[in-house]
Amino acid sequence: MATLSDIGVAAAINILTAFAFFIAFAILRLQPVNDRVYFPKWYLKGLRSSPIKTGGLASKFVNLDFRSYIRFLNWMPQALRMPEPELIDHAGLDSVVYLRIYLLGLKIFFPIACLAFTVMVPVNWTNTTLDKLQNLTFSDIDKLSISNIPNGSSRFWVHLCMAYVITFWTCFVLKREYKIIGSMRLQFLASDQRRPDQFTVLVRNIPPDPDESVSELVEHFFKVNHPDYYLTYQAVYNANKLSELVEKRKKCQNWLDYYQNKHSRNPSKRPMIKVGFLGCWGEEVDAIDRYTEKFEGLTRKINEEKEKVTSSTKSLVPAAFVSFKRRWGAVVCAQTQQTRNPTEWLTEWAPEPRDIYWDNLALPYVHLTIRRLVIAVAFFFLTFFFMIPIAFVQTLANIEGIEKAVPFLKPLIEMKAIKSFIQGFLPGIALKIFLIVLPSILMFMSKFEGFISKSSLERRCASRYYMFQFINVFLCSIIAGTALQQLNSFLNQSATEIPKTIGVSIPMKATFFITYIMVDGWAGVAGEILRLKPLVIYHLKNFFLVKTEKDREEAMDPGTIGFNTGEPQIQLYFILGLVYAAVSPILLPFILVFFALAYVVYRHQIINVYNQEYESAGAFWPDVHRRVVIALIVSQLLLMGLLSTKRASRSTPLLFILPVLTIGFHRFCKGRYEPVFVRYPLQDAMVKDTLERTKEPNLNLKTFLQNAYVHPVFKAADSVKDEMVVEEPRPDQTPDLVATKRSSKRHTSGGSSFETY
């Protein structure tokens with residue numbers, strides 16, 4: 001078990017590591033050769049085309065202005081200087097809402113930490129319970145926890161009152177933040193520029209018809225049932241094979257450009273390549289001729305596949321993007337049931353074009369339930385089998401367990417420096433390593449489930465990552481760690497004493513989580529701003545693979561903020577803070593340092609690095625709110641169970657009301673604020689439509705929407721001809737009969753060529 005000195009060693013290691021990362025970042029970011037690594041967003045937005053040079057040939061690679069090195073920490077105030085409205089314009093509302101999760105942690109835990117260290121720490125410290133218990137492994141730091149309070153003590157009333165304070169303060173902050181972000185979302189949507197997804201609905205599970213294709217069926221259905229507002233549609237094709245061909249041609253084009261540029265620099269010599277494995281052996285041929293031939297061959301295949309996809313009805317997916325003349329019409333369609341059969345003609349808001357994950361649009365809708373069932377079972381087994389490495393990590397925190405497993409290392413382990421390193425630093429870094437591969441596995445699962453937008457993929461991945469963190473990192477660490485630490489006590493006491501030992505031991509796991517917070521939340525966040533991996537990859541690509549300016553842009557690609565991994569990781573800190581606030585408050589300062597440091601670092605990254613792929617206007621906030629509420633309920637239940645083992649029979653029953661009140665608070669927020677994140681108000685749609693018609697009476701909306709939802713592989717081709725003619729309906733005009741190929745179902749001698757729904 002980690003002692004106070006072990007925690008000190010771990011803190012020193014992580015503080016020095018974080019400081020070294022900051023120094024390295026401050027130096028590396030000033031070098032012109034690294035400018036595209038640390039400021040890629042300015043290049044992508046077109047605000048910077050080349051690094052700032054100080055003169056001379058060497059300045060192309062190295063910053064020679066030594067005065068800039070003196071101000072090596074000026075990036076921190078610069079990151080905080082940009083006001084929030086400007087940050088929304090610069091990076092989008094999603095990024096700003098993500099940053100507010102860190103602010104939420106500071107708002108919740110700073111007052112709680114001040115109160116806990118003023119009241120609870122003295123109450124816990126001024127007891128001698130742990131000193132009187134035999135066969136129990138503990139350290140001085142555990143005397144600051146509830147474990148040091150004797151059974152049946154009246155001092156448990158302090159912890160009970162603290163639980164009420166934590167609950168009411170957390171709920172107050174959550175409600176206020178929910179209201180603020182809901183208002184920010186409505187204001188953003190009202191002031192946002194015109195976007196295709198404001199007018200477009202995704203229709204899925206279109207029923208097959210023997211007489212009409214999917215395209216004809218969609219046009220017919222919406223002209224009949226939405227005659228006043230229907231504008232146009234975009235059919236959805238299964239173009240996955242075409243996408244593969246386009247990607248191959250793109251790589252071939254890059255190589256062709258590279259060799260043509262190489263030849264232009266030395267016209268007297270034609271570039272040659274070998275056609276064998278990886279170009280290492282085989283016949284030597286002209287590189288330009290070879291890649292020109294491959295490019296032309298791929299172009300022919302692409303044209304053939306494109307013709308096959310667009311002309312064959314088998315390539316049509318029973319789904320379509322349907323656009324309307326007004327936002328009001330899109331709102332009505334997206335938020336209502338279209339037919340008597342609730343499983344057909346399913347409508348939902350279309351994701352914005354950048355947000356669509358096109359590969360999954362080709363999946364049959366009826367297969368999604370089966371896919372999600374398969375993934376649910378797979379996730380269960382993944383969570384179960386991952387308990388093995390988590391239990392192994394806990395053995396690293398138990399010196400006695402390591403010495404029993406490898407007795408020949410006992411002299412080395414017993415050295416003070418090595419022992420402090422193992423107990424104070426190694427468990428946290430080992431757990432971090434085991435979790436590296438997890439996000440990729442969970443993202444693959446989310447894609448297999450069939451979600452059609454990148455935002456929904458990230459939210460589902462975040463949900464599963466959160467569940468995994470809660471079960472394996474939090475619960476399994478407590479259970480496995482307690483069992484290993486107190487194994488001797490379990491074996492040498494009666495069965496009636498085991499619950500008592502568990503009740504005392506659970507707060508002692510605070511030392512393990514402290515080491516994890518320092519590794520992940522201090523050194524890990526500092527490592528985030530250093531961007532060591534992107535730095536190395538960029539220079540390797542730039543040296544070996546970059547052939548054109550387009551290649552250089554792709555090598556510079558900064559990616560996104562990573563909501564699917566970042567948000568669940570933040571939620572782990574909420575769980576730890578709320579659970580241990582009334583149990584072992586020593587965790588709170590470490591958590592506060594994490595939230596403050598992460599807020600500054602990620603604000604800098606959002607301003608200068610990350611380029612968000614899509615904009616959901618903060619649609620993920622209900623998930624954030626719900627998970628904090630779950631953490632609050634878990635903290636109440638664990639405190640209730642802990643006090644029940646401490647014979648606090650008079651105070652424990654008063655805790656039963658807290659989960660009930662918290663659930664009631666969540667239901668209130670869900671009904672009051674969540675609709676803003678799920679539905680779009682008709683009133684706001686009408687206001688925006690009216691203003692738009694007033695400002696732009698001659699707006700050609702059809703031209704704006706016509707190709708917005710065309711599959712990206714078709715964008716380079718000729719625009720698809722739109723044969724639909726839409727006329728503005730007159731107020732006194734009754735809906736026209738719409739032509740259809742469907743045979744009449746009326747009992748007439750001759751089939752009618754017109755029919756209405």
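In this predicted model, the second largest cavity has a volume of about 60 Å³. Its lining is made up of Ala163, Ile166, Thr167, Leu578, Val579, Ala582, Ser635, Gln636 and Leu639. Sorted by class, the lining of the second largest cavity holds 6 nonpolar and 3 polar residues, and no charged residues.

This cavity belongs to a set: the structure holds 6 cavities of 30 Å³ or more. The largest cavity has a volume of about 90 Å³. Its lining consists of Asp94, Ser95, Tyr98, Ser455, Arg459, Ile561, Phe563, Gln612, Tyr614, Ser616 and Phe620. The elements giving two or more residues to it are α7 (93-125) and α21 (454-485), and the largest share, 3 residues, comes from α7. In terms of class, the lining of the largest cavity has 5 nonpolar, 4 polar and 2 charged residues.

Tyr98, one of the lining residues of the largest cavity, lies in helix α7. With a relative accessible area of 2%, Tyr98 is under the 20% limit and is therefore buried. The C-alpha atom of Tyr98 is separated by 9.5 Å from that of Val624, although the two residues are 526 apart along the chain. Tyr98 also takes part in one aromatic cluster, together with Tyr102, Phe109, Tyr573, Phe574, Phe594, Phe595 and Tyr602.

Arg459 lines the largest cavity, and Arg459 is also among the residues that lie nearest the centre of the second largest pocket. That pocket has a volume of about 1,300 Å³ and is lined by 42 residues, with Trp349, Ala619, Phe677 and Val678 also among those nearest its centre. The elements that give two or more residues to the pocket lining are α9, α13, β6, α14 (368-385), α21, α29 and α31 (675-678). Of these, α21 provides the largest share, 4 residues. The lining of the second largest pocket divides into 17 nonpolar, 7 polar and 18 charged residues.

In strand β5 (residues 316-324), 8 of the 9 residues are buried, so the strand is largely enclosed by the rest of the structure. Strand β1 (residues 200-204) pairs with β5 in the antiparallel sense over 5 bridges, and in this pairing Thr200 stands opposite Ser323 in β5. Strand β2 (residues 230-237) likewise pairs with β5 in the antiparallel sense, over 6 bridges. There, Tyr230 has Phe324 of β5 as its bridge partner.

Asn205, in the loop between β1 and α10 (214-225), has a phi near 55°, a positive value in a residue other than glycine. Trp345 is found in the loop between α13 (327-334) and β6 (346-349), and has a positive phi of about 50° although it is not a glycine. The relative accessibility of Trp345 is 6%, so Trp345 counts as buried.

How many aromatic pairs does a search of the whole structure find? The search finds 37 aromatic pairs.

The last element to be described is helix α11. This helix (residues 240-265) has 26 residues and reaches 38 Å from its first C-alpha to its last, close to the 38 Å expected at 1.5 Å a residue. Which residues of α11 are buried? They are Leu242, Leu245, Cys252, Asn254, Leu256, Tyr259 and His263. An α-helix has 3.6 residues a turn, so residues three or four places apart point the same way.

Terms used:
Residues are numbered from 1 along each chain as its sequence is written. This is a predicted model: local features need pLDDT of at least 70, side-chain atom pairs count only at pLDDT 80 or more; totals for chains, interfaces and linings use all residues. Side-chain values use heavy atoms; hydrogens and water are left out. The expected span of a helix is 1.5 Å times one less than its number of residues. Buried means under 20% relative accessible area, exposed over 50%, partly exposed in between (1.4 Å probe, protein chains only). On a 1 Å grid over the protein atoms alone, a cavity is a set of points where a 1.4 Å probe fits but cannot get out, and a pocket is an open set with protein on both sides within 12 Å along at least five of seven lines; lining residues have an atom within 4 Å of a point. Grid points are joined across faces, edges and corners, and a volume is the space filled by probe spheres set on the points. Ala, Val, Leu, Ile, Met, Phe, Trp, Tyr, Cys and Pro count as nonpolar, Asp, Glu, Lys and Arg as charged, and the others, Gly among them, as polar. Two strands pair if DSSP finds at least two bridges between them. Rings of Phe, Tyr and Trp (its six-membered ring) pair if their centres lie within 6.5 Å; planes under 30 degrees apart count as stacked, over 60 as edge-to-face and the rest as tilted.
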